[in-house]
Amino acid sequence: MNTEFVALLLQDLREDQISVADADLTTFAIDQGPVTDYQLPLAVVWAESVANVQSVMRAAAAFGVPLVTRGAGTGVSGGAHATAGCVVLNLTRMNQILEINPADEIARVEPGVINGDLNAAVADHGLMFAPDPASFKISTIGGNIATNAGGLRCAKYGVTRDAVLALDVVLADGSLIHTGHRTFKGVAGYDLTSLFVGSEGTLGIVVGATVRLKYLPTIVRTLAVFFPSVQQAAAGVLALGAARVQPCILELLDGPSLRELDRRNGSNLASRGTALLLIQFDGLAAVAEEEVAAVELEKIGGTVSREDPQEAQRLVELRRNNRGLDVDAENRVGEDVAVPRSQLVHYITALEEMAVRHGVDLQVIAHAGDGNLHPTFSVPSFEPGRIAALNAALDESIDKALELGGTITGEHGIGQYKLRWLGLEQSEQVLGIQRNIKALFDPAGILNPGKAIPARP
């Protein structure tokens, strides 16, 4: 690595904040997404303050060194994979909750604060940070912001963008800006805050966030509703909508997913039905909504079980954990697509048909309340014919989602892995506008290159 570049870093960083050790380079070369271009970084740098981030950014800009910013590395689209000649900037040491304001229902945090830790802290005030990705126990708020992460509670509370009011961002020249406001409403100027949320570190480095908090519900009711088929379970989502009840959690698991959970956890879910809708209501209307939901789902063949708080927590934890049963690999890929809820039944049926036709295994879980599905395709070996079949099924699943009015990613982002499909959803004109925005914020192209938007053709 360039000694002048290192010397510039050491003007503001301690030696123990910089590593070129093989173990660190290997550990921080990738996140949990599929790897399409494995590269080792030149170094890993741990920032501990906004000033540290600014110093690293200025040094990178001076020497044209690409900078890949990361938190816990729980992303599954390769958004934090190292790129050729880059330095990985790790923000996990910037982990302070700077303010909790119960009266204004906001918190200010550094990017390395763990989602679950923020929730534990604000729970003492009867509040919660609503976005709850499956990795909430280890994922950072900065990472949640970078990917616009979702989670189980999206059906009622929305995604990360809906909970972010203001950001502190270090730009590509090392300058610091503040976007947004502390108020729930505010429409002054362009909405740069929303632009940075979900930009995967390609426009700037988020070093602080003001987030909106929601009331922590005191009444929670949970239903486990088993169906003879996954299509009936998907139809149950529309039945709940027609009944005008609003679950905070509405999750769907198909038969193969239930069997996999049973195998790994010693549970007996698959013996209770072929597919499961896991439904949770919260708030003062929870009891009434639970009753309406039970009646409507029984009408369409559901077997309804009202779960006590302990069993409800166990089921929710099982659901959270099953997306991360295995890290994606060449022979196993967990997808992240979304379709209009009216198309859930059609899409799941199409997935099952294409899995049989291509000879691949399929498991389907979904944040069914907002139409966000995570089908996992896999094959038992790395034999070239098997991998080709897997990739054909993946391509077809994307095509079908778009055909039904959906999107290629609901909450995981584009990263490196999904670049191949972005042009199927967005026109070249729209992609060109995004490239122009990227060039405005990052004229040298050193912020997380090769992620989020494809290069010019």
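**View 1. A nonpolar surface patch around Tyr 38 in the predicted model.** Val 35, Tyr 38 and Leu 40 together form a nonpolar patch on the surface, with about 260 Å² of accessible area. Patches consist of residues with over 30% relative accessible area and no salt bridge, like charges being joined within 9 Å and nonpolar side chains (Val, Leu, Ile, Met, Phe, Trp, Tyr) within 5 Å; the areas come from the Shrake-Rupley method with a 1.4 Å probe, and for residues only the protein chains shown count as cover. Tyr 38 is found in the loop between α2 (22-27) and β2 (43-46), where helices (H or I, at least four residues) and strands (E, at least two) are DSSP runs numbered from the N terminus. Tyr 38 counts as partly exposed because its relative accessibility is 43%; buried means under 20% relative accessible area, exposed over 50%, and partly exposed in between (1.4 Å probe, protein chains only). Because this is a predicted model, local features need pLDDT of at least 70 and side-chain atom pairs count only at pLDDT 80 or more, whereas totals for chains, interfaces and linings use all residues. Residues are numbered from 1 along each chain as its sequence is written, and side-chain values use heavy atoms, with hydrogens and water left out.

**View 2. The open sheet that contains β2.** An open sheet of 4 strands has the order β1-β2-β4-β3, with mixed pairing, and its edge strands, each pairing on one side only, are β1 (18-19) and β3 (67-70). Two strands pair if DSSP finds at least two bridges between them. Strand β2 runs parallel to strand β4 (residues 87-90), to which 4 bridges join it, and Val 45 stands opposite Leu 89 in β4.

**View 3. Strand β10 and its antiparallel partners.** Strand β10 (residues 205-212) is mostly covered, with 7 of its 8 residues buried. Strand β6 (residues 106-109) pairs with β10 in the antiparallel sense over 4 bridges, and Ile 106 has Arg 212 as its bridge partner in β10. Strand β8 (residues 164-170) also pairs with β10 in the antiparallel sense, over 6 bridges, with Leu 167 standing opposite Ala 209.

View 4. Asn 144 is found in helix α5 and counts as buried because its relative accessibility is 3%. Not counting residues up to four places away in sequence, Asn 144 touches Asn 115, Phe 129, Pro 133, Ser 139, Ala 149 and Thr 160, contact meaning heavy atoms within 4.5 Å. Asn 148, in the loop between α5 and α6 (154-157), has a phi near 55°, a positive value in a residue other than glycine. Most residues other than glycine have a negative phi. Asn 148 is buried, with a relative accessible area of 12%.

View 5. The largest nonpolar core has 52 residues, of which Leu 252, Leu 277, Ile 279, Leu 373 and Phe 377 touch the most other members. A second, separate core of 24 residues includes Val 56, Ala 60, Leu 89 and Ile 205. Such a core is a set of buried Ala, Val, Leu, Ile, Met, Phe, Trp, Tyr and Cys residues joined through side-chain atoms within 4.5 Å.

**View 6. Salt bridges around Glu 317.** The side chains of Lys 137 and Glu 317 meet in a salt bridge (3.2 Å, N to O), a term for a side-chain nitrogen of Lys or Arg within 4 Å of a carboxyl oxygen of Asp or Glu. Lys 137 lies in the loop between β7 (127-128) and α5 and Glu 317 in helix α11 (residues 309-322), so the pair ties together parts that are 180 residues apart in sequence. Glu 317 also forms a salt bridge with Arg 320, with the closest N and O atoms 3.9 Å apart; these two are separated by about one helical turn because they are 3 residues apart in helix α11. Lys 137 is exposed, with a relative accessible area of 55%, whereas Arg 320 is buried, at 8%. Asp 132, Lys 137, Arg 153, Glu 317 and Arg 320 are linked in a network of salt bridges.
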